[in-house]
Amino acid sequence: GSGVQSVDPDDVDAADILGSAIERREDPALLTGDAEYTDDIELPGMVHMTIKRSRHAHARIENIDTSEAEAMDGVIEVFTAADIEAPGNLPTGWLLDSLEQVDHPILAEDRVRYQGDALAVVVAEERYIAHDATDRIDVDYDRLGAVTEPSEALADDAPAVHDDASGNVAFDWDIGDAEKTDAAFDDADHVVDLDLENQLLIPNAMEPRAAVAEYNPSNDELAVHMTSQNPHLHRLLMSGVIDHPEHKLQVRAPDVGGGFGSKIHHYADEALVALAAKRHERPVKWTATRTETYLTDAQGRGHDTHAEMALSDDGDILGFRVDTAANLGAYLSTFAPAVPTYLYGTLLSGQYDIPAIYCSVTGAFTNVPPVDAYRGAGRPEASFVVERMIHRAAKEVGMDPAEFRRRNFVEEFPYQTQVAVEYDSGDYEKTLDRALDLLDYDELRERQEAARAEGKYVGVGLSAYIEACGLAPSELAGELGAQAGLWESGLVRFHPSGKVTAYCGTSGHGQGHDTTYAQIVANELGVDYEDVEVVEGDTDEIPQGMGTYGSRSAAVGGSALVKSSQKLVEKAKRIAAHQLEAAPEDIEFENGDFHVAGAPDRSMHIAEIATQAYLAHDMPDDMEPGLEATSFYDPDNFVFPFGLHAAVVEVDPDTGEIDIERYVAVDDVGNQINPKIVEGQIHGGVAQGIGQALYEGAEYDDNGQLVTGSMQDYTVPKAEHIPSMETDSTCTPSPVNPLGVKGVGEAGTIAAPQAVVNAVCDALDVDQIGMPMKAERVWRAANAATDGG
Ligand code: MCN
């Protein structure tokens with residue numbers, strides 16, 4: 001059901017390059033094995049590192065005996081926290097004020113708090129020797145009780161994960177107006193409520209995390225090649241963690257095989273690799289096993305929510321109250337506190353004009369790995385709560401769910417929500433209508449009735465999602481309480497031959513930036529697409545940067561490249577005026593050509609001007625030679641993509657099996673730089689969202705042991721599990737950035753879960769089914785429903 005056909009860039013006119021569905025230029029290397037991943041790096045004299053991890057979720061460490069491991073041939077060193085002078089703490093949640101701060105040492109000293117916590121490091125000549133030696137480290141544990149669910153952790157008698165965090169509370173946070181919301185509930189004709197769990201998920205990047213570090217003692221330069229989504233941030237944070245000067249630290253991300261958020265955070269492991277390289281003055285490599293990624297990659301979601309909605313008889317939403325306990329895991333990960341707060345509470349108005357909203361969130365420490373951003377980060381949780389409640393509310397007031405949505409949609413933009421953010425632009429009816437058309441909605445409802453008469457359970461689920469992305473606006477982030485601004489930098493450099501290199505502080509790891517950034521720059525400069533090379537992911541090459549997450553790269557990084565390109569055009573125009581002996585005001589610029597107004601034959605191409613800028617003796621007075629420009633771009637607002645996703649399912653009440661017959665996705669991400677890449681991002685995102693609805697979920701036993709610790713136990717959806725999708729789009733350009741783009745990288749994941757859950761609830765005519773909707777759960781719900789229970 002794929003709609004967009006890709007085209008060869010050679011077949012596209014230069015003037016049409018922006019917006020064309022050209023093939024991704026990065027794919028040949030990725031598909032043929034020519035890509036360079038971190039684990040492909042081989043350096044002379046390189047040695048290998050492994051990490052001894054806690055087998056228990058919560059325990060005191062009585063003793064670590066490394067003697068047998070150290071005695072093995074080929075083992076260079078085994079070190080524990082006691083062996084390093086300043087063990088260093090990881091950054092903990094620097095995006096929220098008023099946190100219960102707890103230390104997160106890079107090696108556990110006397111206590112471990114999750115299965116997988118790092119205890120000791122082995123450095124050896126060969127990888128397999130390092131792994132064998134790790135097994136021979138003997139740890140004496142004194143086990144403590146473990147908690148894995150936020151509701152359990154917040155109970156009175158729960159074991160304390162940190163002695164300093166009373167009641168396992170990391171923070172209490174709220175947003176909205178409690179009194180106004182209470183008043184709305186007092187006036188309501190109907191109140192509906194649901195208990196909603198958004199289960200913990202394990203990110204599954206194809207490439208596990210890995211790092212290779214090399215240190216030069218003569219000049220104190222340390223280079224870390226690692227699986228990073230944000231090398232500059234990693235450099236800044238790591239320089240603090242291992243106490244190495246930032247300007248002598250290079251962080252470089254080679255090709256990175258996916259991240260989905262899990263490669264933004266600063267983990268212990270990469271810092272330990274850097275420390276090991278400094279201790280031994282030899283290059284050191286560490287690559288996580290798949291088991292390690294399951295145990296230690298920051299997990300996502302993990303919300304227990306009670307939500308209530310106040311309604312009028314005629315179907316207006318009057319108020320919305322949400323109370324959430326969020327699982328933060330054993331320590332605060334880099335961005336963790338921001339995820340269930342600013343990225344969640346601010347999105348609870350959904351696509352609706354809701355006059356009163358109040359949301360309170362308690363962040364809880366538990367004995368699971370740190371929980372942090374995972375594709376969508378806070379926004380899928382918000383959209384899930386809103387759209388599940390909307391489905392429930394429509395039923396309560398006896399309205400069709402599509403019409404209930406339409407009645408409550410925001411119609412005027414910009415729209416100030418009751419939860420701090422202001423939506424930039426939108427047209428929610430348009431995506432709804434497009435989706436209803438594609439579904440042939442009325443006919444579908446008739447078919448549903450007819451099927452029911454034959455004992456078949458067909459259901460339709462809608463998800464009118466909204467998200468906030470293009471993560472930047474420093475000022476807004478500050479107003480919301482974040483301690484750091486967010487912007488992006490881009491450098492565009494003409495070479496003397498007229499070719500161009502564009503550098504951006506984002507760091508793509510599967511999103512196709514090499515292609516889309518080249519499209520943006522070629523369009524602005526009017527040069528050939530093939531003449532633009534894109535560089536990302538290296539702190540030694542790129543001025544500064546914030547990285548790739550929060551679907552920010554196109555909106556913020558792309559805009560920085562636009563600004564830099566525009567600066568180049570301005571300078572080039574003055575050089576052209578000088579060379580063409582005209583006033584700069586009389587020079588016109590079109591498709592790369594500067595010409596004198598009214599005299600099109602008096603013209604110079606921008607590439608020729610680049611040559612002049614470097615080689616000519618005759619430049620305008622007071623002008624510096626060279627043709628390059630850097631910009632730091634910080635927009636005024638987030639961008640707010642939106643759309644309508646719909647699932648049509650048939651449920652077998654005898655087996656609990658769900659068949660997704662159709663999946664329709666209509667998305668509005670503003671202007672599209674490359675419609676094929678946009679469609680691919682939607683496909684991948686929806687696959688992950690369906691994965692959450694039907695299959696995925698991290699499960700722990702009572703001791704805090706991960707039960708779903710491998711791909712055999714944790715179902716990552718395969719192609720056969722995902723229906724063919726019908727995609728379409730509308731276009732409401734964002735007024736916030738010069739490209740008019742909104743992000744797309746997380747949209748599908750944010751939209752999909754509740755479309756599928758709503759469809760199954762609709763099919764069985766039940767109010768609630770938990771995710772993942774495995775057969776047994778569905779069967780139980782179906783039986784309860786048909787038993788009249
Ligand atoms: N794009 C476009 N037109 C738009 C918006 C975006 O053509 N209106 C293009 C962009 O130029 C870019 C791609 O679509 O090539 C995604 O852009 P954007 O929405 O800006 O998102 P980012 O590039 O910042 O990527 C981050 C986003 C996130 S947050 C997660 S999580 C995620 C995702 O991207 N992880 C991914 N997509 C992923 N795709 C792959 N293959 N691997 C991951 O780990």
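I count a polar contact as a pair of N or O atoms within 3.5 Å. The model is predicted, so I keep that in mind for every entry below.

Entry 1: I started with Thr-516, where a polar side-chain atom lies 2.8 Å from an oxygen atom of the ligand. Next I checked Gln-681: a polar side-chain atom there is 2.6 Å from a nitrogen atom of the ligand. I then looked up the area: the ligand taken alone exposes 840 Å², and the protein buries 95% of that.

**Entry 2: the shell.** Which residues come nearest to the ligand? I noted Gln-511, His-513, Ser-553, Gln-681 and Val-744, out of 32 residues around the ligand. By type, I sorted the shell into nine nonpolar, 19 polar and four charged residues. Helix H17 gives the largest share, three residues.

Entry 3: I traced an open sheet of four strands with mixed pairing, in the order S21-S20-S19-S25. Its edge strands are S21 (532-536) and S25 (628-633), and the twist averages 15° from one strand to the next. S20 (residues 500-504) pairs with S21 in the parallel sense over five bridges; I picked out Cys-504, whose bridge partner in S21 is Glu-536.

**Entry 4: helices over the sheet.** I saw H14 (residues 513-525) lying across S19, S20 and S21, at about 130° to S21. H15 (residues 553-579) lies across S19, S20 and S25, at about 140° to S25.

Conventions:
Residues are numbered from 1 along each chain as its sequence is written. This is a predicted model: local features need pLDDT of at least 70, side-chain atom pairs count only at pLDDT 80 or more; totals for chains, interfaces and linings use all residues. Side-chain values use heavy atoms; hydrogens and water are left out. Two strands pair if DSSP finds at least two bridges between them. Helices (H or I, at least four residues) and strands (E, at least two) are DSSP runs, numbered from the N terminus. Axes are lines fitted to C-alpha atoms, for helices over the stretch in contact, and angles run from 0 to 180 degrees between N-to-C directions. Contact means heavy atoms within 4.5 Å. A residue is near a molecule or strand if one of its heavy atoms lies within 4 Å of it. A polar contact is a pair of N or O atoms within 3.5 Å; within protein, one must be able to donate a hydrogen and the other to accept it, and residues adjacent in sequence count only if both atoms are side-chain atoms. Accessible areas come from the Shrake-Rupley method with a 1.4 Å probe; for residues, only the protein chains shown count as cover. Ala, Val, Leu, Ile, Met, Phe, Trp, Tyr, Cys and Pro count as nonpolar, Asp, Glu, Lys and Arg as charged, and the others, Gly among them, as polar.
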